[in-house]
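Student: Could you go through this structure with me, starting with how the chains meet?

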Amino acid sequence: MPDIKKKRKKVKNTDDIIFLDHVSKEYDDGTGAPALNDVSVRIGPGEFVFIVGDSGSGKSTLIKLLLRELTATEGTVNVLGYNLNKIRHRMIPKFRRKIGIVFQDFRLLKDRNVYENVAFAQRIIQVPSKEMKKNVPAVLASVGLAGKYKVRTKSLSGGEQQRVAIARALVNEPTLLLCDEPTGNLDPVNTREIMKLLNDINQAGTTVVVVTHNRDIVNEMQKRVITLKKGVIISDEEEGAYIDED
Amino acid sequence: MRISTFFYSIRQGFRNIFRNKSFSLASIATMTACLFMLGVVVCITLNAQEAVKTAEQGVSVTVYFNEGTSDERIAAIGDDIGRRVEVSHTDFISADQAWDSFKTEYLGEFSDGFTENPLANSMHYEIYLSDVSMQSSLVTYLQSIPEVRKVNQSKVVADFFSGFDSLVGYISLGMIVILLLVTIFLISNTVTVGISVRKEEINIMKYIGATDFFVRAPYVVEGIIIGAVGAGLPLIALYYLYINVTEFLTAKFSVIFNFMEFLPVDVIMKQLIPISFAIGIGIGFLGSFVTVRKHLKV
């Protein structure tokens, strides 16, 4: 096992949307095995990147580091110019507002309707009500939910709920969209539609990072693919494909 | 903070109550039940203390004077006694009043044979105490006055009341403290459970960039509202119950309640309202504040 505490030369790049420099993450669970081990990666503006790997490969840990839910044991995590190793607690909300986040299980506020879920993201950044009333219907229309803004989210299909989550992630016009298994709970038809939507968002200029283990969509879309295995990047290819580890 | 955010938090606090009806009802019911019980104990305690105090006020010390003490000197001593902290009030009984009273009580028509007042030397003060536990210090003072011939005191009665008063105080305090702890435990548990089930909602808010204040404020508002309602309901119930129960008892057991009176409901409420609201709103606020904080570390 490589020594994760070894001192390394730090590299700076302020243009990168995501810049991981020799990042390692160890949990205090007694196993001693790092969840991420010496990971370095750069993702630039406007890129569409898949992060793939089997269970236990470190994908979830990576997403948590990018959201500053966790901090790296070693190395530097820089996202949107924020050094997440040094960011102050009170600055974390401000940082997260610049990121759109989409989860596998949608994570919508279940007791609120579609409009309220999307508007919530705007309320957080204190957008005036007048503007909110323009922005929310516009973003809902862009994800194909124009007529559903009064519907309770729990009565929507899985695909529709994921669209609401994407609309919520997009409404504040983030520079970076992080998607953690966005199609994990969807059928193939909805999976394709959501991936097309994410591609459209990327075409409009947003950097999109999708963590997935769905080999079909990865192979179909021909985007940059970073493959993780046991916490280590084993490949990073432009127009890559899902690597079968067996 | 924008003013719109402030009103948004208030609005969301109210909405949360209706969104989570079962939790809100459970919290309000727990709080109402606990504060009602506490209120009942406070009512009983206050009335018991009042009854003891009323009985204490009937305990008096009698002071007699040496023969030949001038009326002026007796009046001056009376003024001095009246100014003492142990004394509630004094009644002066002249020799004639003492004889009249004796005749009426014991002699009746047989008193005609007396041409002179046999109690000519029995003018005295009946001294009523503000606190029976201070009787001995008053007696010591009275005995130190040269013109005082004799001091009559009912030491046993005074000691009994003094002890009983302390006993009532300790028992009441003990019961109130225990009930208070149970109340705090039950209410804070209900609030904690109610908010913990919404941990995911808090996480979502944090993930999309809500500040701790923005996440916490509606829950704190919710806690305060539940606390206020949970404190108000038992007060309303106690108000009407107290009036009806005291009326019923006074009518039904008039013999007993000739000697003591229940405290008026407004006196009881003056004590209960701040206690109840302080506990209800205090626990509602603190419970939600602390519980939400646990889930903010995302």
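Student: Which side chains meet in a salt bridge?

Tutor: This is a predicted model, in which local features need pLDDT of at least 70 and side-chain atom pairs count only at pLDDT 80 or more, while totals for chains, interfaces and linings use all residues. Residues are numbered from 1 along each chain as its sequence is written, chains are lettered from A and ligands numbered from 1 in the order in which they are written, and side-chain values use heavy atoms, with hydrogens and water left out. The salt bridge (a side-chain nitrogen of Lys or Arg within 4 Å of a carboxyl oxygen of Asp or Glu) pairs Arg19(B) with Asp111(A), at 3.9 Å from N to O.

Student: And how many salt bridges are there between chain B and chain A?

Tutor: The count between the two chains is one. Helix H1 (3-19), helix H7 (199-207) and helix H8 (212-252) of chain B each give two or more residues to the side that touches chain A, and H1(B) gives the most, with seven residues.

Student: What area is buried between chain B and chain A?

Tutor: About 2200 Å² is buried, with carbon and sulfur atoms giving 55% of that; buried area is the accessible area (1.4 Å probe) that two parts lose on being put together, summed over both. In chain B, Ile204(B), Tyr207(B) and Ile208(B) lose the most area to chain A, together 33% of what that side buries.

Conventions: Helices (H or I, at least four residues) and strands (E, at least two) are DSSP runs, numbered from the N terminus.
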